[in-house]
Amino acid sequence: MKTLSLARRGRSVRLRAPEGTFSYFHPERLFTGFSWDSQTGSLLLPSRPVRAILLLGLGGGTVARQCRALFPRAEITGVELDARVVETAYEHFGLAASRVRAVVAPGEEYLRRTRRRFDAVLDDMWPAAPGPKPIFRERALAALVASRLSEGGVYAVNVYGAPAAAPEWREAAARLAPHFATLREVRPARGQTTVVAAGQNLLSAAAARARLAALPGEFAAGLGHLTFLNVRRPRPKE
């Protein structure tokens, strides 16, 4: 299991592990400037209403809190590998207010056993021990997620981005391309990670930017740092 710790600065709380900060909470600040916002921002890409959201790698609930604010009526399920993290989320990160159905299980296992379909699957799973993320470790994961998405849904995975780890970003796109017709990137202003989003008919980057600009003021300002990009589909390997 990971070595976890809480770090406090003023009214903010961070859940930390050796790899970095996994979750952030401030009672008066919803958005962060980092890729948590990118995961939430990916929900602007589906052309159909988002009513059911699956969070793989719930953590302290940073993304869950944002999703609840943007989609107050959505059903949110959060899957977390470590029961200690869920307990910490309720105790220190205000998870109860997000009205999330929390499930303690490996995300891949949950996907295999559920028969539900979701409008959005947001993947922030990190390995319990040093090694590749599930999107790179399990060849069948992209197809499995595609089978759990509703028509018009989005799968968004948080990975290291260029220039820090361009090969990881490209590999994620290559894994997703055979199973999804459209690929987008939702890039945050800060941090080393970015979000690659995939779906069968996602909105264009320009349309997502227009949708963001039309959000209520707090949301438009808080997510205004995001950059939406159309991703060219990787060429099949010969």
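Author: What follows describes the core and then the sheet.

The model is predicted, with local features needing pLDDT of at least 70, side-chain atom pairs counting only at pLDDT 80 or more, and totals for chains, interfaces and linings using all residues. Residues are numbered from 1 along each chain as its sequence is written, and side-chain values use heavy atoms, with hydrogens and water left out.

A nonpolar core here is a set of buried Ala, Val, Leu, Ile, Met, Phe, Trp, Tyr and Cys residues joined through side-chain atoms within 4.5 Å, where buried means under 20% relative accessible area with a 1.4 Å probe, protein chains only. The largest such core has 38 residues, and Leu43, Ile53, Leu55, Cys67, Leu122 and Phe228 have the most contacts inside it. Elements that give two or more residues to this core include β4 (52–56), β7 (118–123) and α9 (217–222). The largest share, 4 residues, comes from α2. Helices (H or I, at least four residues) and strands (E, at least two) are DSSP runs, numbered from the N terminus.

Leaving aside residues up to four places away in sequence, Leu55 touches Val63, Ala64, Cys67, Ile76, Thr77, Gly78, Val79 and Leu122; contact means heavy atoms within 4.5 Å. Another core, of 31 residues, lies apart and has Phe118 and Leu149 among its members.

The open sheet has 3 strands in the order β1-β2-β3, with antiparallel pairing; two strands pair if DSSP finds at least two bridges between them. β1 (5–9) and β3 (20–25) are at the edges with a single partner strand each, so one side of each has no neighbour in the sheet. Between β1 and β2 (residues 12–17) there are 5 bridges, and Leu6 has Leu15 in β2 as its bridge partner.

Conventions
Buried means under 20% relative accessible area, exposed over 50%, partly exposed in between (1.4 Å probe, protein chains only).
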